[in-house]
Amino acid sequence: MNSANVSDIQANILFWIIISLFAWQGYRRGIWSELTKLAFIFAGFLLGSPEYLGNMLVKAVNGFYMAFQFLLHGGLEAIATGNFDADALARIFEEIADIPKPITKDNYELALFLVTIFLIAIGYLASKLFKKDKMPGLALVVGALNGFLLSYIFLPLLPETTPFTFKDLTLSGIIAQLMDLAGYILELFVRGVSAFFEFLLNVFGPWTIPLLLLIIIVLALSSLTRSKKKNGQSGQSGGGSS
Amino acid sequence: MGPFEYLWLTVFFIFILVAFVRKYNKELGTTTLIFVALFLITYFGVPKLPRLINDAYQQIFDAPLSERSIQHIMASGLSLFFIAIVFASYAGDTFAFKGKPAKGTRGFIFNLLVGIVNGYLISGTLWYLQDYFKYPITDFGILQLPLTHLGETLANFLPPYVVPPIFWAVLVGVMLIFRVLK
């Protein structure tokens with residue numbers, strides 16, 4: 001069996017597994033939950049695709065960023081005082097012309113990919129707000145549709161050469177291939193994290209790490225829920241001793 | 001001894017494991033004290049202490065300290081101070097946050113994130129104290145320079161290099177606000 005056929009078979013199997021999983025999840029979660037997910041996945045798909053709304057989004061983000069820089073570099077003062085002196089405005093435009101835009105040609109694809117991932121994640125979180133309802137059949141169909149859309153977005157991103165083949169099915173061969181697969185996934189993860197970090201550095205510059213620290217701390221602290229009080233005493237978990 | 005950064009990466013991973021064992025609500029108490037220590041080190045320790053030490057030494061012995069000696073004293077002294085604060089945050093009555101930590105996948109992610117933060121802050125600060133004071137530890141032959149390419153890249157992202165001193169105080173403030181709210 002040649003590599004291309006194996007790759008096709010694996011892609012097909014993966015496609016149907018994803019659709020089945022999402023259909024099953026839809027059946028369990030209910031129609032409103034699945035419709036919410038569908039709306040966000042679809043929005044993520046449209047905004048993450050350059051041929052649909054992606055280009056417009058990038059132009060809008062860069063435009064708003066430059067407008068913000070204009071205000072920061074004296075534009076706000078000019079508007080507040082009503083002093084629209086041509087020289088002052090020219091100086092401001094000269095200053096902001098050197099400022100790099102947050103989304104450049106180098107990180108264009110990554111930025112759109114992150115937008116898609118972000119909206120899908122938001123959709124997934126928003127879908128948890130709904131309780132299960134009485135239309136499991138319809139929910140199953142919408143769940144499958146979600147799986148189809150996600151496959152349509154993400155399956156083309158998989159590599160053409162498969163990290164796992166069926167050539168050597170001896171124990172040592174399978175172990176060696178599993179090691180290769182683990183290495184491949186690890187490398188993919190490291191590359192993904194590095195690219196994401198580079199993108200953040202490009203957008204936020206030296207404030208990237210302080211902002212990341214602040215966000216992680218606030219998210220972690222917000223997730224702590226109040227302990228229930230028993231017999232008038234605080235039943236704290238953790239506070240006090242190690 | 002292997003490349004310099006391996007030791008610090010080991011410390012980093014150990015603190016991630018510690019976060020999984022202790023849970024992130026307790027680890028956040030440690031994080032608070034680390035922020036306090038970092039504020040003291042970066043706002044007062046590193047910029048002001050070398051001159052104070054030199055002046056005091058000159059007053060007592062009527063001779064200036066060599067630059068390398070100051071670097072040794074500063075790196076060792078501040079590292080011990082920092083380790084003592086981290087140790088104190090783990091021992092006895094801790095500064096743990098009240099409330100139940102999230103469970104399941106969310107809990108796993110928060111344990112991981114807070115572990116990464118603590119590992120990064122602790123190993124990064126100890127590395128920074130060596131890097132800023134020109135690696136005095138290498139004089140004892142314990143670790144060797146030069147840094148590898150990876151080491152040099154990582155050294156640019158050590159916490160005190162990338163976070164302004166006053167921001168540590170802001171983070172302490174945020175933690176205290178949440179402590180009152182919870």
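A residue counts as buried if 20 or more other C-beta atoms lie within 10 Å of its own, as exposed if 12 or fewer do, and as partly exposed in between. I start there since my first residue needs that cut-off. A:Ile92 has 19 other C-beta atoms within 10 Å, so A:Ile92 is partly exposed. Please keep in mind that what you see is a predicted model.

A:Ile92 sits in helix α4 of chain A, residues 86–97. Which residues does A:Ile92 touch, once its neighbours within four places in sequence are left aside? The contacts are A:Phe70, A:His73, A:Gly74 and A:Gly75.

Now chain A as a whole. Its secondary structure amounts to eight helices and three strands. In order from the N terminus, the elements read α-α-α-α-α-α-α-α-β-β-β. Of the 242 residues in chain A, 17% count as buried. If we take contacts in chain A between residues at least 6 apart in sequence, 80% of them join residues at least 24 apart.

Helix α2, residues 31–48, packs on helix α3, residues 50–81, at an angle of about 70°, and their axes are 5 Å apart. Angles of 65 to 115 degrees count as roughly perpendicular, which means α2(A) is roughly perpendicular to α3(A). From α2(A), the residues making the contact are A:Leu46, A:Leu47 and A:Gly48. From α3(A), they are A:Tyr52, A:Leu53, A:Gly54 and A:Leu57. By class, this contact has five nonpolar, two polar and no charged residues.

Next, the interface. How many residues of each chain take part in the contact between chain A and chain B? The count is 22 residues of chain A and 31 residues of chain B. On the chain A side, α8 (208–223) and β3 (240–241) each supply at least two residues. The largest share of that side, ten residues, comes from α8(A). Sorted by class, the side of chain A that touches chain B has eleven nonpolar, ten polar and one charged residues.

A word on confidence. Chain A has a mean pLDDT of 81, and 86% of its residues reach 70 or more. Over residues 232–242 of chain A, however, pLDDT stays under 50, and there the model has 26 contacts beyond four places in sequence. Where pLDDT is low, the predicted coordinates should not be read in detail. β3 of chain A, at 240–241, is one of the elements on the side touching chain B.

Last, chain B. Helix α4, residues 104–132, has 29 residues and spans 41 Å from its first C-alpha to its last, close to the 42 Å expected at 1.5 Å a residue. Just after α4(B) comes B:Lys134, with a positive phi of about 60°. B:Lys134 lies in the loop between α4 and α5 (149–155) of chain B. B:Lys134 counts as partly exposed, with 14 C-beta neighbours inside 10 Å.

Most residues other than glycine have a negative phi. B:Asp62 is not a glycine, yet its phi is positive, about 60°. Where is B:Asp62 placed in chain B? B:Asp62 is in the loop between α2 (24–61) and α3 (67–90). With 7 other C-beta atoms within 10 Å, B:Asp62 is exposed.

How values were computed. Residues numbered from 1 in each chain as written. Chains lettered and ligands numbered in written order. Predicted model: local features only at pLDDT ≥ 70, side-chain atom pairs only at ≥ 80, totals over all residues. Contact = placed C-beta atoms within 7 Å. Helix = DSSP H or I, 4+ residues; strand = E, 2+ residues; numbered from the N terminus. Nonpolar A, V, L, I, M, F, W, Y, C, P; charged D, E, K, R; others polar. Expected span 1.5 Å × (residues − 1). Axes fitted to C-alpha atoms, helices over the stretch in contact; angles between N-to-C directions. Parallel < 35°, antiparallel > 145°, perpendicular 65-115°, else oblique. pLDDT = per-residue confidence, 0-100.
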